Amino acid sequence: RPIRYGRMLQSPFAYYRGAARVMAADLAGAPRSGLTVQMCGDAHAANFGLYGSPERRLVFDTNDFDETLPGPFEHDVKRLVASLEIAGRHNGLSRKQRRSLTVAAGARYRTAMAGFAAARDIEVWYSRIDAEELREQLAPRLDAGMRKRLTRALERARTRDTLQAFGKLTEVVDGRLRIRAEAPLLVPLRDLVPETEERDLEAAFNALIGQYRGSLQSDRRILLERYSFVDMARKVVGVGSVGTRCWVVLLVGRDADDPLLLQIKEAAPSVHAEFIFLGWQRTAGIDGVERDFYVRQLRDWKGSMEVEELRVDGLGIYGELCAWCLARAHARSGDRIAIAGYLGSSAAFENALADYAAACADVNEGDHRQLAEAAAAGRVQAQADT
């Protein structure tokens, strides 16, 4: 996985993003609360962001579930708060500033859970932060410059959709629409297999899309039936996801001006499993091995903050937002009253979290150095993005 290691080498925060399995192994031997939720499994700060809901609202929430699994609620909270400490170090924040923001994030989780414990089930289910609520919550705490950057981020997220991806990822050659080759990050099917096998795989895909349709709600199934297959390519995504199989599939509706890009991503076991628009399908890959995949629209109003660029106020506010979203997710899937009772009303929880985050960041920096040394010595291959 040279590209994966190349991305992880960029900084200790980048290493942390790609080392979910390492942290899962570390957490396996830690004491547990016994309070189980549906964990995000990889709840670092960069795995929260903006995306379009089915109701076409721009919402802020957890947006990566590759490692989701039932497990202790505190594993998610530790991963989030440690990521804030690591990002704060990257951004040059002082020890006191980092301590303040990690304590604040832990406190926000605790008080949010207390609020959810007192709420009705239906209120917890419908709670959310959409773009306008995000703006209303943040504006009083931001200076003029940060308010402008927030507005730009919200506007930019709305432009990151299928049409934007379509313009970037496709081209027309000899009158035929196809996915553009950008090896090694985006490799079309035509460059992976001989032409005869490509035609066979296209036929197989058309059969498999029927299986995928069967996992969708009826309204989405009817919509998908209006599109036909054009091309597909293997894509390298993210940091932690590098090495998993991911495909981009280009479909068109009534004509080439009506595109739909789907992402088909391997659904591997959660990194926690050995220690403790979505549709899906099981199919054999081009290597003949059967795997599970999930399917979603590519870039549906997707946006995120550059966590490593946030200064102390911005990172603190962002961390509290992430903590609220994580508490909401846990309240919906676990026993929110029991979790709130476990956390109590004192600051003991957030202070313990801040201690853990500092210790975790020290270990993470050492692990990042070891990877750099291994790459320099040739023991692992690392390749920078081209």
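Begin by selecting strand 6 (residues 170–173) and strand 7 (residues 176–179), which pair in the antiparallel sense over 4 bridges. Strands here are DSSP runs of E with at least two residues, numbered from the N terminus, and two of them pair if DSSP finds at least two bridges between them. Within this pair, Thr170 stands opposite Ile179 of strand 7. The hairpin that these strands make has 2 residues between the strands, and Asp174 takes a positive phi near 50° there.

Before going further, keep in mind that this is a predicted model, in which local features need pLDDT of at least 70 and side-chain atom pairs count only at pLDDT 80 or more, while totals for chains, interfaces and linings use all residues. Residues are numbered from 1 along each chain as its sequence is written, and side-chain values use heavy atoms, with hydrogens and water left out.

**The open sheet**

Select next strand 2 (48–52), strand 3 (residues 58–62) and strand 5 (129–130). These belong to an open sheet of 3 strands, in the order 2-3-5 and with antiparallel pairing. Strand 2 and strand 5 stand at the edges with a single partner strand each, so one side of each is left without a neighbour in the sheet. Strand 2 and strand 3 are joined by 5 bridges in the antiparallel sense, and along them you can find Gly49 opposite Asp61 of strand 3. On the other pairing, strand 3 and strand 5 share 2 bridges, again antiparallel, with Asp130 of strand 5 as the bridge partner of Val59.

Asn47 counts as buried, at 6% relative accessibility. A polar atom of the Asn47 side chain lies 2.8 Å from the backbone oxygen of Asp42. If you leave aside its neighbours within four places in sequence, Asn47 is in contact (heavy atoms within 4.5 Å) with Asp42, Asp61, Thr62, Asn63 and Asp64.

**Aromatic rings**

The structure holds 5 aromatic pairs, where rings of Phe, Tyr and Trp (its six-membered ring) pair if their centres lie within 6.5 Å, and planes under 30 degrees apart count as stacked, over 60 as edge-to-face and the rest as tilted. Select Phe60 and Tyr318 together: the ring centres are 5.8 Å apart and the planes stand at 80°, so this pair is edge-to-face. Both Phe60 and Tyr318 are buried. The pair of Phe116 and Trp324, by contrast, is tilted, with 5.6 Å from centre to centre and 55° between the planes. Phe116 is buried at a relative accessible area of 8%, and Trp324 counts as buried at 14%. To see one aromatic cluster, select Phe73, Tyr109, Tyr342 and Phe349.

Two charged side chains can be viewed with rings as well. A charge sits over a ring if NZ of Lys or CZ of Arg is within 6 Å of the ring centre and within 35 degrees of the ring normal. Lys78 lies over the face of Tyr356, at 4.9 Å from the ring centre, and Arg79 lies over the face of Tyr16, at 4.1 Å from the ring centre.

How many disulfides does a search of the whole structure find? The search finds 0 disulfides, a disulfide being a pair of cysteine sulfur atoms within 2.5 Å. Select Cys322, and you will see that the closest cysteine sulfur, in Cys325, is 6.6 Å from the sulfur of Cys322, too far for a bond. Cys322 counts as buried, at 0% relative accessibility, and Cys246 counts as buried at 0% too.

Finish at Ile264, which is found in strand 11 (residues 259–266). Ile264 is buried, with a relative accessible area of 9%. Although 16 residues separate Ile264 and Val248 in sequence, the two are 6.3 Å apart in space, C-alpha to C-alpha.

Technical notes:
Buried means under 20% relative accessible area, exposed over 50%, partly exposed in between (1.4 Å probe, protein chains only). A polar contact is a pair of N or O atoms within 3.5 Å; within protein, one must be able to donate a hydrogen and the other to accept it, and residues adjacent in sequence count only if both atoms are side-chain atoms.
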